Amino acid sequence: MLCRRVTPCLSHSRFCFRGFIGMATEGGGKSFARRDRLLEIEAKVQTWWSENDVFRAESREKSPEPGEKFFGNFPFPYMNGFLHLGHAFSLSKLEFAAAYHRLRGANVLLPFAFHCTGMPIKAAADKLAREIKKFGDPPVFPKEVEEAENQEPPKDQSAPESAMKDKFKGKKSKAAAKSGGQIFQWEIMRSLGLSDSEISKFQDPYNWLSFFPPLAMEDLKLFGLGCDWRRSFITTDMNPFFDSFVKWQMRKLKSMGKIVKDLRYTIYSPLDGQPCADHDRATGEGVQPQDYTLIKMEVVPPFPPKFGSLEGKKVFLAAATLRPETMYGQTNAWVLPDGKYGAFEINETDVFILSERSALNLAFQKFSKIPEKPICILEISGHDLIGLPLKSPLSLNKIIYALPMVTILMDKGTGIVTSVPSDAPDDYINLHVLKTKPAFRQKFGVKDEWVLPYEIIPIINIPEYGDKSAEKVCKDMKITSQNEKEKLTEAKQKTYLKGFTEGTLLVGEYAGMKVQEAKPLIRNMLIETGEAIMYSEPEKRVISRSGDECVVALTDQWYITYGEAEWKKLSEECLSSMNLFSDESRHGFEHTLSWLNQWACSRSFGLGTRIPWDEQFLVESLSDSTIYMAYYTVAHLLHNGDMYGGSTSIKPEEITDEVWDFILCSGPYPESSKISPSILKQMKQEFEYWYPFDLRVSGKDLIQNHLTFTVYNHTAIMRREHWPLGFRCNGHLMLNSEKMSKSTGNFKTLRQAIEEFSADATRFSLADAGDGVDDANFVSETANAAILRLTKELAWMEEVLAAESSLRTGPPSTYADKVFLNEMNIAVQLTGHNYANYMFRDALKTGFYDLQAARDEYRLSCGAGAMNRVLLWRFMDVQTRLIAPICPHYAEHVWRELLKKDGFAVKAGWPVADPLDLQLKNANKYLQDSIVLMRKLLQKQLFGSKKSNKKGPPAPAPFASVSEAKIKGLIYVNEQFDGWKADCLNVLKRKYDKASHSFAPDSEILNALKETSDEVSRDFKKMQKICMPFLKFKKDEALSLGVHAIDLKLPFGEIEVLQENLDLIKRQLELEDIEVLSASDPASVSKAGTLASLLQQSPPSPGNPTAIFLI
């Protein structure tokens, strides 16, 4: 351990963020009473949990059966600040899942640790030290410095990456979000609520490690995280046990040949003097090196006078190309007239003319007279290069010239571009414009002999496009100007890929060969003959956390050999057996496996674990965090409750590689170990019991690195039965439909959210925010509504329990009782299904909203008759358990304080449900829908139609004045289809294929219908028009709802349902006299009197009764 632990200098209670608290309104007033009540409940419940070690997880000697245990984990957050709602959102997916499994009786392990490895903390501490040295302690920042430092950086104009790769990236890096646009580190620390006297201590990077992890733990406890905190730890050598674990892992990989030292191209920070991996970047996460072939286009002497200082040197325009196979068709080179170029010494004899940015990249790739330092001996503008005669490799033209192109980007490639107009639409159009527009040539001083003699050279034949693909596609798309950028981009997309995959080379020594086969051969030939070199640069702009722009460097360092064929095959096998919960996530992993290659795993700057065989280097932050989930299984035995690993009977040096092999890899018993055999046995039992982990929850941006690394490392080190079982990836979190951002103020820490809304209301809104890989949305209004809803529900339960003696006793007996009981059974089953599939918004709907709606409907259905005591107690019990994973404090309070039950709600068990009665559910839906329909019909008959007649005013109401009248309701029911509708349904039944769940073609159905009754066949052409809409409607119903939709009658008696609920219907319609009648009974029809005609206009049918109202 390099540094002693520093005691936190202040309590987190200082960070109350009261200024950020919104309103938990009550009736529109500024009352926080409801919110405060939830906070009081939460404090009380958290004390219960802590005193009883509710979330303590212990292994058992017997291996668990499927579903008997659940081990879920979450990528440990980086400890350079407070946890925010984005962390809480991803973590909530794991928390809800773990709570559900715990409720079902599983032995659940949910641990949590804190990541401190890497350069961000060290870089921030060093930056703070530099500011103090320069501006004092506390610093006084000059206003002009602040203004200069806070200027916006130039926008990145580089080309976008592939859509698939971008889909699984965050739109802004974590570092950028954390910096909030504040340049001075001191100001960033102030924004966290630290005083000037406290900030100075953060010059020591280890102070960050002592300060932030305990505060994060406190926030998570306030959140109600069901965590076994004994297993928490931090990373880096400040924790000697985890340090030992990482060193064992690295030695293990090296012994397998999976860590090698070699020269490789890697994204590199010149300021930090080391590779810059994803988590070391402020912008550009996921960006990889882009390889080019650098074509050496020799400038033919004599040189222009301005180039006098280059006399005696070999001078080349250096053009970066992705298509070396097309060099046979060069007609010229392109330069940006206003571009800034330089002549850079590559060695004693060669000078390259290119952009300063690309020269810097080359210098770090061992192409500079002085390594890592570009030497510019002449600054040149693009105008100076126009007209230079060039000898270019492979070109069929002996001499070509440098010509102007105004659309060149200086932040991509070298600023020098080869021109192959036969296959590149941009080149074709620019050359065409120069040839056909003398004024354009004159503007840039281009002589006719540099352009006019040069014709397109066919070099590649592409099916559909021929041997001049660029010319053909430009003419087909009517592209006439270099300014038609969107069209030119589309033209390139059409020709480039097809040219590579299907094109055939027409010239050179590889003529007749497919382009994709010839390309690497031609590239190698150019490099071997010295006519080209390899060149690489970042795909897009990358800024390190130290603030400098990164380059691609050719570095001699340690790499993990991801992408190696056999290892990749094992990883693909592992992924194929994992539950990834969405096709989008699976595609993201498959895409990452397709491109991921050797990964630089060593760093020279930052915090972490030293590479054991080469201690000048540290293990980088994405390489020490791939199998640490296994460390959770034994951390409590090593740490004894201290996340820093400082108080245990086991000494760090006793945890040898042999011990780790024994525990994690079924290695032989470490006979020489000084650790007690009983402890070794227990550690091995812990690992064997909990592994493999069942679920890892993460943001989708980690698919492209951490999560895929996790798969690779598990397949290399762990036995097959210990490979991961599931990853669930989610999108990022927006706050009130806008991106979370400190710079805009639309940002909320976890502590702020808890203080503003309470933990349970925050969790409620997180559950409602959304599931899946699309970005979710935390809505403050939802959290405030949750405060109101939860506290109102508490008040209702308290009222019910206080008036318990007034409730109806005995078993459920009425129709409303049966419906309510059935709705609770449905809620139990649907909510269990939603939790099991990690669809937490749906679980909230079925387990809370729908259940409360059923309770409200039951209360209404009972009317003056009291509700059943047994059912209300069951409702309170069921609702408490179903909401417990999302709102555990609320559930615990109800369980113990209101229902007076023993134990804890979070371990109460999943409620038992009787078999669902879908017929009863359908019957109740029919009843409720019928009441709504009757209410509409009553309004229509009372007040008339609102629609105007085409020929006059609105139709008069049947009852002009009913204020004093007594209205009688007649409900007519037709329980079975008859006539032509019955004929249609009988034909559909015969023409339905149960095996394929489909109907015969319409022509076959119509032919069968023609052969049915006289009513249909008598005038079939007329009846066909009548029958077709009904046939289509019932077919669609059957396909969406089930084949029962084409039955002649409903599976329940409509008259019976309506008669049994006549009191409810009367109350809902506010009528005292209602009858339920059969429309097929003439005596019943006669009761309608003069309004019987309404039964002809709107005849009742199964599922659709007709109501008539009489005075």
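Okay, so when I say contact, I mean heavy atoms within 4.5 Å. And helices here are DSSP runs (H or I, at least four residues), numbered from the N terminus.

What we have is a predicted model, where local features need pLDDT of at least 70, side-chain atom pairs count only at pLDDT 80 or more, and totals for chains, interfaces and linings use all residues. Residues are numbered from 1 along each chain as its sequence is written, and side-chain values use heavy atoms, with hydrogens and water left out.

Let's start with H18, residues 565-576, and H23, residues 703-717. Their axes, which are lines fitted to C-alpha atoms over the stretch in contact, come within 9 Å and cross at roughly 105 degrees. So H18 is roughly perpendicular to H23, a label that covers 65 to 115 degrees. On the H18 side, Trp-567 and Leu-570 are among the residues involved, and they meet a group in H23 including Val-711 and Tyr-712.

Now, over to H27. This helix and H29, residues 869-883, pack at about 10 degrees with axes 11 Å apart. That makes the two roughly parallel, meaning an angle under 35 degrees. Phe-820 and Met-824 are among the H27 residues at that meeting, with Phe-875 and Val-878 among those from H29.

One more stop in H27, which spans residues 815-836: Asn-822. Is Asn-822 buried or exposed? Asn-822 counts as buried because its relative accessibility is 5%, and the cut-off for buried is under 20% (1.4 Å probe, protein chains only). Beyond its neighbours within four places in sequence, Asn-822 touches Leu-916, Asp-917, Leu-920 and Lys-921. A polar atom of the Asn-822 side chain also lies 2.9 Å from the backbone nitrogen of Asp-917.

Note on methods. Buried < 20%, exposed > 50% of the residue type's maximum accessible area, 1.4 Å probe, protein only. Polar contact = N/O pair within 3.5 Å; in protein donor to acceptor, adjacent residues only side chain to side chain. Axes fitted to C-alpha atoms, helices over the stretch in contact; angles between N-to-C directions. Parallel < 35°, antiparallel > 145°, perpendicular 65-115°, else oblique.
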